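Thanks for asking me to look this over. My notes are below, as numbered points.

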Amino acid sequence: MPRLAVGNWKMNTDRDGAIALAAYLASGIKSKHLGDAIVGIAPPFCFLECVGQAIAGTAIELIAQDVHAEPKGAFTSAVSASMLASLQVKRVIVGHSERRKVFGDDDAKVAGKLRAVLGAGMDVILCVGEQLSEREAGQHQAVVEGQIKAALDGLSAEELARVVVAYEPVWAIGTGVTASPAQAGEMHEYIAKNLVPAGTPILYGGSVKPKNAQELAETPGIDGFLVGGASLKAESFLPIIDSCAANVSDSRS
Ligand code: PGA
């Protein structure tokens, strides 16, 4: 099972800062023993090309934060999967909770985007997660189950093999409140046992910081991280990469 540490820069950085951060990360991981861990960064669309150049030939994967489901046409401001693929993007995030909440990406839209990404030959990071009110009502597993089934139903085994799931409880994103290892571990186990094929990496996201990464990375079923705020500084992202690479989750192998 590969482990992944992915930095989602969201709508942050400027051009020079994005290039500098990417180059610094690339040199920072050069001397690290990553094992089978994969490191990826997801800059804003407009910096994909320059960041891609900064990390070309390194172990860092270029990742996109979103995509439009349609292949082309009158969709002002949108970016298609083939456009991303042409920039050597390896993987695309779909269903991030900010997309679901701020931009109205519902399950059907997420499913369409996911298929567009796979169709263009890239891999997918599918984000799922419940609101705080849903967890308090005891519906968190049902919510995540609904999101995953809506996105993955009907995919072939070959397509499913190119999907990584990121469990990101909405109440933990950007709040400084992290799911406890027990909460995250329980959900990861539920997803692994019931909702995805064996061997599907399941990442955790939501206020991952250097101080909590080690404990989470040691939690059975957590195969890596999708990191927002802490991925914007090499001083915080590099230790998270270390935690991810150092802990091999063999609970499901
Ligand atoms: P955060 O964001 O690490 O800043 O909480 C995580 C995410 O949105 O993927």
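**Notes on pockets and helix packing**

1. The largest pocket has a lining of 21 residues, and Phe45, Gln65, Asp66, Arg99 and Phe103 lie nearest its centre. A pocket here is an open set of points on a 1 Å grid over the protein atoms alone, where a 1.4 Å probe fits, with protein on both sides within 12 Å along at least five of seven lines; lining residues have an atom within 4 Å of a point.

2. A word on the basis: this is a predicted model, where local features need pLDDT of at least 70 and side-chain atom pairs count only at pLDDT 80 or more, while totals for chains, interfaces and linings use all residues. Residues are numbered from 1 along each chain as its sequence is written, and side-chain values use heavy atoms, leaving out hydrogens and water.

3. The space in the largest pocket is about 560 Å³. Its lining comprises nine nonpolar, seven polar and five charged residues.

4. The second largest pocket holds about 200 Å³ of space. Among its lining residues are Leu48, Glu49, Ile60, Leu87 and Lys90. Two or more lining residues come from each of α2 and β3 (60–64), and α2 gives the most, with five.

5. Helices α1 (residues 15–30) and α2 (residues 48–55) pack at about 25°, their axes 8 Å apart. That makes them roughly parallel (angles under 35 degrees). Arg15, Ala18, Ile19, Ala22 and Ala23 of α1 meet Cys50, Val51, Ala54 and Ile55 of α2, where contact means heavy atoms within 4.5 Å. By class, that contact has eight nonpolar, no polar and one charged residues.

Technical notes
Axes fitted to C-alpha atoms, helices over the stretch in contact; angles between N-to-C directions. Helix = DSSP H or I, 4+ residues; strand = E, 2+ residues; numbered from the N terminus. Parallel < 35°, antiparallel > 145°, perpendicular 65-115°, else oblique. Nonpolar A, V, L, I, M, F, W, Y, C, P; charged D, E, K, R; others polar. Points joined across faces, edges and corners; volume = space filled by probe spheres on them.
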